[in-house]
Amino acid sequence: MSKVDALPLRERVVAEIRETILTGQVEPGAILPETELANQLGVSRGPVRDALATLEREGLVTSKPNRRARVVVLGLRDVEEIYSLRGSMETLAAQRAATNATDADLQKMRKVLAKMDAALEGQDLVELSRLDAAFHDHIYEASRHDRLYQAWADLRSQVTLFLISRNTNAVTSRDIVIGEHEALLEALTARDADLLVRLTEEHLRGAYERLRDALIMSSRANA
């Protein structure tokens, strides 16, 4: 981790620790010592403590009374809960986005898709996962539903963590990673709400099943 600038301090500390977790620099279940993190970031323990509390709300950190914070360990039940919740949220977002998306929204998504293609070509799977989440950010933004977007924001870090795990462990291809997103964008551009909802459901179900299968295989290999 690099030392953070003084302003805005809290947000920068949160971003640095979140980055450390999402990029796998610390393993699931690893302790996150406040003093060590503060020294690495060049800040006091207060901002680190606040950042860990924020990341706990995001679902990336877990802690128990009188125990140090740890990186969360997400299992099959977490995958099912997060993807079932995301499915309900994102179908609503798709329905609304089909009506409310602007040309600017569509252009943003096209730019993200181009970057995703480049990241896949370069085998930068962490960046690809970030861009995948960013693509879906724009669907939620296009829904013009502030509370729905906030619910997605609360879930987003865990989704990104799963995307990174899926992209680095599960079998995938350009047809899946890029092609499915291209189909979503085409349906949104056509303002075809029914098609967009169906493609969204299929896209999320496939993502869930690939990650579930990868986790099952990993647990068997480590048994």
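This passage walks through the predicted fold of one protein chain, from its overall layout down to a few single residues.

The structure is a predicted model, with local features requiring pLDDT of at least 70, side-chain atom pairs counting only at pLDDT 80 or more, and totals for chains, interfaces and linings using all residues. Residues are numbered from 1 along each chain as its sequence is written, and side-chain values use heavy atoms, with hydrogens and water left out.

Nine helices and two strands make up the element list of the protein chain; here helices (H or I, at least four residues) and strands (E, at least two) are DSSP runs, numbered from the N terminus. Read from the N terminus, the order is α-α-α-β-β-α-α-α-α-α-α. With a radius of gyration of 18 Å, close to the 17 Å that the globule rule gives for 223 residues, the protein chain is as compact as a globular protein of that length. That radius is taken over C-alpha atoms, and the rule is 2.2 Å times the number of residues to the power 0.38. Along the principal axes, the C-alpha atoms fill a box of roughly 55 × 45 × 35 Å.

Of the contacts (heavy atoms within 4.5 Å) between residues at least 6 apart in sequence, 73% join residues at least 24 apart. The surface comes to about 11600 Å², and carbon and sulfur atoms supply 49% of it; these areas come from the Shrake-Rupley method with a 1.4 Å probe, and for residues only the protein chains shown count as cover.

In soluble globular proteins, nonpolar side chains tend to be buried together. The largest nonpolar core in this model has 64 residues, of which Ile-17, Ile-21, Val-48, Leu-52, Met-116 and Phe-135 touch the most other members. Such a core is a set of buried Ala, Val, Leu, Ile, Met, Phe, Trp, Tyr and Cys residues joined through side-chain atoms within 4.5 Å. Helix H6 (residues 125–142) gives the most to the core, putting in nine residues. Val-48, for its part, is in contact with Val-13, Ile-17, Glu-34, Leu-37, Ala-38, Leu-41 and Val-43, once neighbours within four places in sequence are set aside.

Ser-143 is buried, at a relative accessible area of 0%. Not counting residues up to four places away in sequence, Ser-143 touches Ala-93, Arg-96, Ala-97, Asn-100 and Leu-148.

Over in helix H9 (residues 193–221), Leu-199 counts as buried because its relative accessibility is 17%. Neighbours within four places aside, its contacts are Ala-183, Leu-184 and Ala-187. Leu-199 and Glu-127 are 72 residues apart along the chain, and 24 Å separates their C-alpha atoms.

Gln-123, in the loop between helix H5 (103–121) and H6, has phi near 55°, a positive value in a residue other than glycine. Gln-123 counts as exposed, at 53% relative accessibility. Arg-191 belongs to the loop between helix H8 (174–189) and H9, and its phi, near 60°, is also positive in a residue other than glycine. Arg-191 counts as partly exposed, at 34% relative accessibility.

Key:
Buried means under 20% relative accessible area, exposed over 50%, partly exposed in between (1.4 Å probe, protein chains only).
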